[in-house]
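Student: Please take a close look at one part of this model and describe how it packs against its surroundings.

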Amino acid sequence: MKTILNVLWLVLSGFWLALGYVLAGVICCVLIVTIPFGIASFRIAGYALWPFGRTTVPRHDAGAGSVVGNIIWIVFAGWWLALGHIVTGIALCVTIIGIPFGIANFKMIPLSLVPLGREIVPTDQPFATR
């Protein structure tokens with residue numbers, strides 16, 4: 001079932017959302033100081049491309065650096081990506097078939113706003129990192 005949902009997700013919104021994350025990652029990697037943000041953006045692009053069967057959990061080794069990084073991320077890239085999730089989620093919720101995909105978009109908004117200090121894991125082991 002996860003594969004079917006992921007393929008439908010890829011066709012309906014996953015490709016474009018992942019492309020947005022890749023674009024943000026490339027821009028962040030061009031600027032040398034923001035390479036950690038670029039790496040986080042590429043990691044989330046993979047999650048935005050194929051989200052079903054995976055979830056995010058907090059990293060316990062993340063400290064004050066990730067808090068400062070998340071504030072910088074929100075200002076420069078996070079709110080654009082969150083806006084993309086909101087628009088796509090609303091557009092998908094217009095149809096009955098798209099409602100689960102719209103809800104999945106809304107669930108990705110917190111990750112798009114504060115990506116540092118989070119880890120993407122399979123849903124069958126969400127507590128494996130604790």
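Tutor: Thr-34 is buried, with a relative accessible area of 17% (buried means under 20%, exposed over 50%, partly exposed in between, with a 1.4 Å probe and protein chains only). The model is predicted, so local features need pLDDT of at least 70 and side-chain atom pairs pLDDT 80 or more, while totals for chains, interfaces and linings use all residues. Residues are numbered from 1 along each chain as its sequence is written, and side-chain values use heavy atoms, leaving out hydrogens and water.

Thr-34 sits in the loop between α1 and α2 (35-49). A polar atom of its side chain lies 2.5 Å from the backbone oxygen of Cys-28, and one lies 3.0 Å from the backbone oxygen of Leu-31.

Cys-28 also belongs to the face of α1 that meets α3; among the α1 residues there are Leu-12, Gly-20 and Tyr-21, and their partners in α3 include Trp-73, His-85 and Leu-92 (contact means heavy atoms within 4.5 Å). The axes of α1 (residues 2-30) and α3 (residues 64-93) come within 11 Å and cross at roughly 170 degrees, which makes α1 roughly antiparallel to α3 (over 145 degrees; under 35 is roughly parallel, 65 to 115 roughly perpendicular, the rest oblique). This contact comprises 8 nonpolar, 5 polar and no charged residues.

Against α4 (residues 99-107), α1 packs at about 50 degrees with the axes 11 Å apart, an oblique arrangement. Here Leu-5, Leu-8, Trp-9, Leu-12, Ser-13 and Leu-17 of α1 meet Phe-101, Ala-104 and Asn-105 of α4. By class, 7 residues are nonpolar, 2 polar and none charged.

How values were computed. Axes fitted to C-alpha atoms, helices over the stretch in contact; angles between N-to-C directions. Helix = DSSP H or I, 4+ residues; strand = E, 2+ residues; numbered from the N terminus. Nonpolar A, V, L, I, M, F, W, Y, C, P; charged D, E, K, R; others polar. Polar contact = N/O pair within 3.5 Å; in protein donor to acceptor, adjacent residues only side chain to side chain.
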